[in-house]
Amino acid sequence: MERKWIRVRDIPKEYSVSRSYAQKLVSDMRKDSRTTDRDFILDGSIRLIRVEALEDFWRRRGAA
C-alpha cells in the first residue's frame, strides 16, 4: 500500500483556513493518542503528514 504524504504548508483549505491553523492542527494531531510517529516525517520539526492520518483525525474531530 502506497503512503501519500502532504507538507504542513500544503494542507488543503478544507482542513485549514490559515498556515497558523494548519500548524495548530498538526500540534493537536501529535497530542492525539490515535496518531503515531509513523504518521509524520520529522526533520527537527514536522515536514510531512500522512494524508490518511489527517483525514482520520479530521473525522474524529467531527468537522468532516
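Predicted model: local features only at pLDDT ≥ 70, side-chain atom pairs only at ≥ 80, totals over all residues.
**Notebook: helices α1 and α2**

I started with what covers the buried residues of α2, and the cover includes α1 and β3. For cover I took contact as heavy atoms within 4.5 Å. Buried means under 20% relative accessible area, exposed over 50%, and partly exposed in between (1.4 Å probe, protein chains only). Helices (H or I, at least four residues) and strands (E, at least two) are DSSP runs, numbered from the N terminus.

Residues are numbered from 1 along each chain as its sequence is written, and side-chain values use heavy atoms, with hydrogens and water left out.

**α2**

Next I looked up which residues of α2 are buried: Ala 53, Leu 54, Phe 57 and Trp 58. They sit on the same side of α2, because their arc around the axis is only 135°. The arc is taken from the directions from the helix axis to the C-beta atoms. I also checked Asp 56, which is in α2; at a relative accessible area of 24% it comes out partly exposed. From Asp 56 I went to Ser 18, 38 residues apart along the chain, and got 20 Å between the C-alpha atoms. Just after α2, I found Gly 62 with a positive phi of about 80°.

**α1**

Then α1, where I listed Ala 22, Leu 25, Val 26, Asp 28 and Met 29 as buried. Their arc is only 160° around the axis, so they too fall on the same side of their helix, α1. The face turned away from that buried side carries the exposed Ser 20 and Lys 31. I noted β2 (40-43), β3 (45-50) and α2 among what covers the buried residues of α1.

I checked the length as well: at 1.5 Å a residue, the 13 residues of α1 should span 18 Å, and the end C-alpha atoms are 19 Å apart, which agrees. The expected span is 1.5 Å times one less than the number of residues.

**α1 against α2**

How do the axes of α1 and α2 cross? For α1 (residues 19-31) and α2 (residues 51-60) I have roughly 85°, with the axes coming within 11 Å. That makes the two helices roughly perpendicular. The axes are lines fitted to C-alpha atoms, for helices over the stretch in contact, and angles run from 0 to 180 degrees between N-to-C directions. Under 35 degrees counts as roughly parallel, over 145 as roughly antiparallel, 65 to 115 as roughly perpendicular and the rest as oblique.

I wrote down the contact residues: Tyr 21, Leu 25, Asp 28 and Met 29 from α1, and Ala 53, Leu 54, Phe 57 and Trp 58 from α2. By class, this contact has 7 nonpolar, no polar and 1 charged residues. (Nonpolar is Ala, Val, Leu, Ile, Met, Phe, Trp, Tyr, Cys and Pro; charged is Asp, Glu, Lys and Arg; the others, Gly among them, are polar.)

I picked Ile 46 in strand β3. Not counting residues up to four places away in sequence, Ile 46 touches Val 8, Val 26, Arg 30, Phe 40 and Ile 41.
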